[in-house]
Amino acid sequence: MTTAQKVDSLYKKSNFSRITELKEYAPEQFSAFFNFNGKALAEGKLSVKLKELIAVAVAHVTGCPYCIDLHVTEVKKAEATKEEVAEAIFVATALKAGSALAHGVNALNSFDGQKDDELYKAEYFNRIAEFSKLSGDAFKTFIDFDQQSLKAGKLSVKEKELIAVAVAHTTGCPYCIDLHTKAAKKAEASLEEISEAIFVAVALKAGSALAHSVNALIAYNE
């Protein structure tokens, strides 16, 4: 098998069927994860459809092609439209890009020689506006994109903010978590709904690592 052939075969859809082989090598862990995953994505305060939309969004942040394929299939079964899926993906896009911008306030602190030992304070996020002077056109167009992505469309503001909360927990941006948890609350999401959205993110972030194990099995057997 040539190197080119190996590269081409890394993400065949059919490779994902090998995931069940892990049950032979780590049976307790395999069963425990899939038990958790099933509960995280089951109907609760949030519908299966919304949970699968969250899953699709998070999968686009983890970049797991198996997860994208699996959860787009599942969300379609849950009767989500292509437009709803697209809106969920754009929330993920805005949050993934937004986390990079949010961390920019730390870059400003570092550049300015800040002496404070605390790297993350809520008040630091106020410096985000400085980018409008430092890189005005880019900042303005990003903020417009971010606002467009999070406004009501086929999905409500509440649904989009729940997706945003989940994605923020995937990127690990503390400013984004704070901002979008408050925005979800303002949109009348309950703490139970927010918690369920977070657990979908947990399942997908862990699941992306597990999904890639099929590539490890392939590599090990070569």
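**Notebook: annotated domain and aromatic pairs**

I began with the UniProt record. Its unreviewed entry lists "domain: Carboxymuconolactone decarboxylase-like" at residues 27-108 and 137-217. I am working from a predicted model.

I looked up both segments. Residues 27-108 are 84% helix and 0% strand, with the end C-alpha atoms 48 Å apart. Residues 137-217 are also 84% helix and 0% strand. Here the end C-alpha atoms lie 47 Å apart.

Next, the rings. I searched the whole structure and got 10 aromatic pairs. I took up Phe36 and Phe199. Their pair is edge-to-face, at 6.2 Å centre to centre with 70° between the planes. Phe36 sits in helix 3 (residues 27-40) and Phe199 in helix 11 (residues 191-211), so this pair ties together parts 163 residues apart in sequence.

Phe36 is partly exposed at 27% relative accessible area. Phe199 is partly exposed too, at 45%.

Then I turned to Tyr120 and Tyr175. Their pair is tilted: 5.4 Å centre to centre, 45° between the planes. Tyr120 is in the loop between helix 6 (82-111) and helix 7 (131-134), while Tyr175 is in helix 10 (residues 174-186), so the pair ties together parts 55 residues apart in sequence.

Buried or exposed? I looked up Tyr175 and found it buried, with 6% relative accessible area. Tyr120 is partly exposed, at 34%.

Last, I went back to Phe36 and followed the ring pairs. They link Phe36 and Phe199 with Phe30, Phe33 and Phe34 into a cluster.

Definitions and conventions. Residues are numbered from 1 along each chain as its sequence is written. This is a predicted model: local features need pLDDT of at least 70, side-chain atom pairs count only at pLDDT 80 or more; totals for chains, interfaces and linings use all residues. Side-chain values use heavy atoms; hydrogens and water are left out. UniProt positions are given in the numbering used here, feature names are shortened, and annotations may be inferred rather than shown by experiment. Helices (H or I, at least four residues) and strands (E, at least two) are DSSP runs, numbered from the N terminus. Rings of Phe, Tyr and Trp (its six-membered ring) pair if their centres lie within 6.5 Å; planes under 30 degrees apart count as stacked, over 60 as edge-to-face and the rest as tilted. Buried means under 20% relative accessible area, exposed over 50%, partly exposed in between (1.4 Å probe, protein chains only).
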